[in-house]
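Try each task yourself first, then follow the solution step by step.

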Amino acid sequence: MSTFLTIAVIVLVFLVIFQIAKASEYVAILKGEEKSRMQSNKINGFLMIAFLVLGLIGVYYCNELLEPKILGESASIEGEKVDEMLYLTIAVTGVVFLITQILLFWFAYKYQEKEDRKPFFFPHNNRLEVLWTVIPAIVLSILVVIGLRNWFIFTGEAPKEALVVEVTGHQFGWIFRYPGKDNTFGKKYFRNIDPANNSLGLIWTDNPGANQKADPATHDDIVIPQNVYIIKGRPVKFIINSRDVIHDVGVAHFRMKMDAVPGIPTTMWFTPKFTTNEMKEKTGNSNFVYEISCDQMCGNGHYSMKGIIEVVTQEEYDAWMAKQKPYYFAAFPEKDTSIPPSAPATVPLDTANTSSTVSAGTATNQNKLK
Amino acid sequence: MSNEAILHGQTTGHAHDADHGALDGHHHHHESFITKYIFSQDHKMIAKQFLITGMVWAILGGLMSVLFRLQLGYPDQSFPILESLLGKWAKGGIIQADAYYALVTMHGTVLVFFVLTAGLSGTFANFLIPLQIGARDMASPFMNMLSYWFFFAAGIVMLSSLFVETGPFSGGWTAYPPLSALGSASPGSKTGMDLWIISMALFVVSSLLGGLNYIATILNMRTKGMSMTRLPLTIWALFFTAVLGVLSFPVLLSGFILLIFDRNFGTSFYLSDIFINGVGALPNEGGSAILYQHLFWFLGHPEVYIIILPAMGIASEVMSINARKPIFGYMAMLGSLFAIAILSFLVWAHHMFVSGLNPFLGSFFVLLTLLIAVPSAIKVFNWLTTLWRGNIRFTPAMLYAIGFVSMFISGGLTGIFLGNSALDIHLHDTYFIVAHFHIVMGVAGMFGMFAGIYHWYPKMYGRYLNNTLAYIHFWITMVGAYLIFWPMHYQGLAGMPRRYYDYSVWESFKQFTDLNRFITTVAMIVFATQLLFLFNFFYSIFKGRKVKSQNPWGANTLEWTTPINPGHGNWEGEIPEVHRWPYDYGKDGHDFIAQTVPVGASESKH
């Protein structure tokens with residue numbers, strides 16, 4: 001009912017506007033074309049200057065309203081450079097914006113048609129053209145130099161002491177891998193992927209059929225979905241992969257972003273400045289978390305592809321890391337010497353056998369190996 | 001009845017004579033309904049076909065944006081009417097995620113290609129090139145007709161994809177593989193994507209047929225005295241647009257062909273190391289997903305200039321006429337158009353700074369991208385100087401030309417943020433880019449198109465549009481466009497990603513609920529205002545005030561030397577000879593001096 005009412009109101013408004021428009025056209029013709037043009041010219045000229053003034057007030061008001069809602073201080077040291085550049089660029093473009101918009105609408109208002117005004121025949125002036133070629137070129141060169149200097153820092157080699165974590169995107173979530181005690185990521189191959197117990201396709205065992213040799217470096221790799229732990233003040237380097245389509249690791253608080261491309265590893269590094277807990281206090285939001293948002297359209301669940309970055313102190317990190325079991329033991333619990341063989345750790349394997357239809361081959365392989 | 005008399009005055013009979021005059025010209029031939037209105041080879045009719053088809057698509061594409069804005073503005077609210085309209089795509093009156101992505105993708109594809117490419121340059125290239133250079137028709141009227149019908153076919157195929165069971169393509173208008181290549185990764189990439197590619201392939205054919213024709217016509221069919229530097233800037237802009245299209249669309253097509261092979265014939269151009277949930281590991285190895293992005297953006301970037309150059313040309317022409325003053329710096333305008341055309345081929349990878357592209361390679365694209373701001377700045381300052389000390393008539397077309405410059409400045413300046421890779425790393429794929437390209441390409445392109453329609457409508461239909469409706473249309477659209485897109489910059493600065501169906505689960509982005517609702521409300525108002533324009537357009541074709549003077553705007557260019565309702569062939573008798581450039585406004589005390597007037601002995605030089 002309300003829908004029809006709304007439609008009826010809209011139609012009515014349209015009709016009224018149309019009638020007014022029609023009537024004003026008759027009036028205009030009766031008054032004479034010249035005179036009515038002068039009249040509407042005056043109205044539009046006034047609206048030009050009104051638009052300028054109200055627009056500038058609106059720009060200011062919008063800033064007052066929305067500025068507190070953007071992210072605040074960068075949570076990474078490198079991100080500070082992004083912010084510096086951002087403010088510089090806002091200042092430069094802001095000046096140009098104000099000058100050009102004010103001139104545009106002010107000229108429109110000031111030079112509206114008047115009977116006694118003779119337009120000034122001014123077809124060209126080379127000095128002016130050179131002026132507004134050279135000045136933008138110089139300003140832009142400055143911005144390019146600053147930008148490229150930062151760009152090479154952001155995309156350059158991460159510092160040696162950086163914590164290295166592998167990030168893999170898939171529809172629709174993130175998987176993180178730490179190299180474990182040996183500090184080396186074991187080899188992986190996408191055909192070995194089994195969502196149940198080998199989500200990254202690590203090469204754990206020999207598979208002569210596929211010409212694969214087990215990589216012992218995989219045995220201590222730690223694999224965790226969704227939440228990644230990194231350390232305050234220590235650079236972190238993400239090695240980014242994708243398991244299916246293109247995703248993007250977007251970490252807005254750290255001002256960084258990089259695509260996850262299947263088959264082509266990419267990297268990103270930054271140095272977190274505040275722990276998650278510090279940010280909770282800083283923002284006054286007890287629910288604060290550093291979120292990884294997927295920033296590249298990846299399918300119908302794109303909007304829900306969230307990861308969480310926990311920034312912690314070195315001590316908290318060490319305590320957390322000590323509790324982590326290599327992924328290998330989840331798949332092969334009998335190899336885990338730290339727990340007695342009778343423990344109910346076989347559960348993951350059971351679920352693997354029932355839930356994985358696709359990788360049945362892999363599963364039987366592993367059963368044989370047992 | 002008396003109203004009608006007022007509207008059309010006593011000269012109605014006279015205008016009618018002009019009608020007959022045109023038909024009695026030596027090009028007079030009998031036309032059936034089909035050859036005149038459907039399979040017409042008259043460039044003016046083809047232009048109208050492009051325009052009206054473009055308008056239909058603009059309404060469809062705009063409606064799609066209203067639907068997905070409804071989801072963004074009111075994510076939890078149910079609209080039962082949507083379920084009755086869309087069925088399973090809006091279960092329980094809430095637009096589903098797959099429908100949302102399909103709408104976003106189709107909105108982008110339709111607006112970029114069907115409205116702002118075909119609707120804008122298709123309309124005005126067809127309409128203005130022969131009329132302004134002094135030719136009876138295009139170099140190949142038949143190819144011209146084919147160009148429209150390929151476009152029409154592309155539209156039909158795209159439209160049909162909306163009705164397939166798995167839905168239309170839903171992976172974004174850029175159609176990045178692997179998502180677009182794998183039906184198992186997204187239901188929209190099944191039949192919907194096949195139809196999308198077929199439609200786009202037809203569209204490429206259409207734009208190549210059109211583009212080659214435009215180039216051939218401009219180079220070969222100018223009237224006596226019409227040297228290249230006497231061409232109006234509209235023609236120059238359309239010329240560069242056609243060149244860009246002819247050079248870049250084939251690259252897009254090649255990218256699509258590889259995509260077709262990957263989709264259907266088991267090749268691995270773009271695919272490698274892929275494991276799909278529920279399907280398993282795919283056999284493809286060794287492809288590069290980034291290759292597609294290079295091929296796509298090699299068209300994609302020139303494409304944004306294909307959209308904006310005609311708008312620039314139209315704005316320049318309209319602005320000069322209505323400021324009653326020559327365009328400032330004709331040669332600089334021309335040079336900057338040329339520079340933009342060249343540079344537009346050298347900046348494509350700025351869409352790919354964070355795609356995994358080699359960062360060192362990226363740095364060259366930063367330099368070239370920011371370089372393109374220089375010719376853009378030249379154009380803006382030249383427009384401003386054109387207004388300076390003019391005698392400005394605010395015709396609806398002029399308002400849109402001024403609005404165009406305002407939008408071009410606002411959107412162009414944010415390009416400086418995005419072209420700088422170290423800033424793009426934060427702003428890429430956020431609402432900042434949404435705001436940027438909607439203002440500089442979408443709204444500015446539309447404004448150029450509106451300026452063109454309002455200005456040349458009397459030439460197209462021999463009648464005027466209603467001015468009051470036009471003024472209402474302009475001011476609501478102008479204010480509304482800024483209200484919609486300006487706040488989006490802030491969402492982008494907050495890192496809010498684009499193409500999200502729902503932000504409520506995100507701690508970092510959910511603070512914009514009110515703003516999203518506000519934007520949606522304004523978007524609906526602006527959309528309704530476009531319906532007002534549409535009504536004005538179609539009503540005035542039949543009932544508008546009749547044009548009584550041959551040159552209603554007091555313009556210099558050749559189209560205003562034709563009869564009020566020109567027939568096929570444009571001029572009765574000889575095509576006029578051209579003696580001067582088209583911008584002699586306010587010279588030596590004359591209001592305007594048409595291009596056909598010989599240069600007098602005592603005339604001042606410039």
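**Exercise 1.** Find out in which sense strand E9 and E10 of chain A pair, and over how many bridges.

*Solution.* Start with strand E9 (residues 290-294) of chain A: E9 and E10(A) pair in the antiparallel sense over four bridges. Strands here are DSSP runs of E of at least two residues, helices are runs of H or I of at least four, and both are numbered from the N terminus; pairing requires at least two bridges found by DSSP. One bridge partner to look up is that of Ile292(A), namely Gly307(A) in E10(A). Next, turn to strand E4 (residues 227-231) of chain A, which runs parallel to E10(A) and is joined to it by five bridges. There, Tyr229(A) has Glu310(A) as its bridge partner.

Before going on, note that this is a predicted model, in which local features need pLDDT of at least 70 and side-chain atom pairs count only at pLDDT 80 or more, while totals for chains, interfaces and linings use all residues. Residues are numbered from 1 along each chain as its sequence is written, and chains are lettered from A and ligands numbered from 1 in the order in which they are written.

**Exercise 2.** Which side chains of strand E10 (residues 306-312) of chain A point to the buried face?

*Solution.* Begin with the cut-offs: a residue is buried with 20 or more other C-beta atoms within 10 Å of its own, exposed with 12 or fewer, and partly exposed in between, the C-beta atoms being placed from the backbone. Now walk along the strand, where the side chains alternate. Gly307(A), Ile309(A) and Val311(A) point to one face and are buried.

**Exercise 3.** Work out whether Phe124(B) is buried or exposed, and list what it touches.

*Solution.* First, locate Phe124(B) in helix H6 (residues 97-133) of chain B. Then count: 28 other C-beta atoms lie within 10 Å, so Phe124(B) is buried. Finally, leave out residues up to four places away in sequence; Phe124(B) then touches Leu238(B), Pro310(B), Ile314(B) and Gly452(B). Contact means that the C-beta atoms, placed from the backbone, lie within 7 Å.

**Exercise 4.** Compare the positive phi values of Asn183(A) and Ala175(B), and the surroundings of both residues.

*Solution.* Why look at these at all? Most residues other than glycine have a negative phi, and most peptide bonds are trans. Asn183(A) has a phi of about 60° and sits in the loop between E2 and strand E3 (222-225) of chain A. Because Asn183(A) has 10 C-beta neighbours inside 10 Å, it counts as exposed. Ala175(B) has a phi near 55° and belongs to the loop between H7 and H8 of chain B. With 24 C-beta neighbours inside 10 Å, Ala175(B) counts as buried. That loop also holds Pro178(B), and the peptide bond from Pro177(B) to Pro178(B) is cis, with omega near 5°.

**Exercise 5.** How many residues of chain B are in contact with chain A, and how do they divide by class?

*Solution.* Count both sides: 110 residues of chain B are in contact with 101 residues of chain A. Then sort the chain B side into 68 nonpolar, 30 polar and 12 charged residues. Here Ala, Val, Leu, Ile, Met, Phe, Trp, Tyr, Cys and Pro count as nonpolar, Asp, Glu, Lys and Arg as charged, and the others, Gly among them, as polar.

Methods:
Contact = placed C-beta atoms within 7 Å.
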